[in-house]
Amino acid sequence: MRNPRDNLNRGREAEERACRHLQRQGLALTQRNYRSPFGEIDLVMQERNTLVFVEVRYRARPDFGSAAETVDTRKQARLRATAEHYRQNTPQASKKACRFDIVAITGDGEDGDFRWLRDVF
């Protein structure tokens, strides 16, 4: 049985890995783990004049589907509501274009599968 603290640490490691990758691709980190009454967005980043709300999904193994498949319509609705909360409460963000990206990581280390899906919903 897995320790819940191990799962939390793996999630944080996946978020850090995703952030480093996106920064190498030219995105700038604006905020981590933005929380609202509707939920949380893992990474808020900026690419030129576009705000990018990033959901990072991690799975140790692909046995029950890909990490990206876990972002269902209910999760998408929570992410949209949280992004709207961010835009309403961050004056410099309210008029910028935005998009939603998913970073899906399956497996550990360099042998794992890493996918950056842009503008997914």
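**Close-up views of a predicted model**

**View 1. M45 stands opposite V52 in β3.** The two strands here, β2 (residues 39-47) and β3 (residues 50-59), run antiparallel and are joined by five bridges. Strands pair if DSSP finds at least two bridges between them. Strands (E, at least two residues) and helices (H or I, at least four) are DSSP runs, numbered from the N terminus. The model is predicted: local features need pLDDT of at least 70, side-chain atom pairs count only at pLDDT 80 or more, and totals for chains, interfaces and linings use all residues. Numbering starts from 1 along each chain as its sequence is written, and side-chain values use heavy atoms, without hydrogens and water.

**View 2. R48 takes a positive phi near 55° in the hairpin of β2 and β3.** Two residues lie between these strands.

**View 3. β3 pairs with β4 (residues 97-106) in the parallel sense.** Ten bridges hold this pairing. R59 stands opposite T106 in β4. Between β3 and β4 the chain passes through helix α2 (residues 73-89), a right-handed β-α-β crossover (with the strands pointing away from the viewer, the path from the first strand over the helix to the second runs clockwise).

**View 4. The largest pocket holds about 280 Å³ of space.** A pocket is an open set of points on a 1 Å grid over the protein atoms alone, where a 1.4 Å probe fits, with protein on both sides within 12 Å along at least five of seven lines; lining residues have an atom within 4 Å of a point. Its volume is the space filled by probe spheres set on the points, which are joined across faces, edges and corners. Of its 16 lining residues, L8, G11, R12, E15 and D42 are closest to the centre. α1 gives the most to the lining, with six residues.
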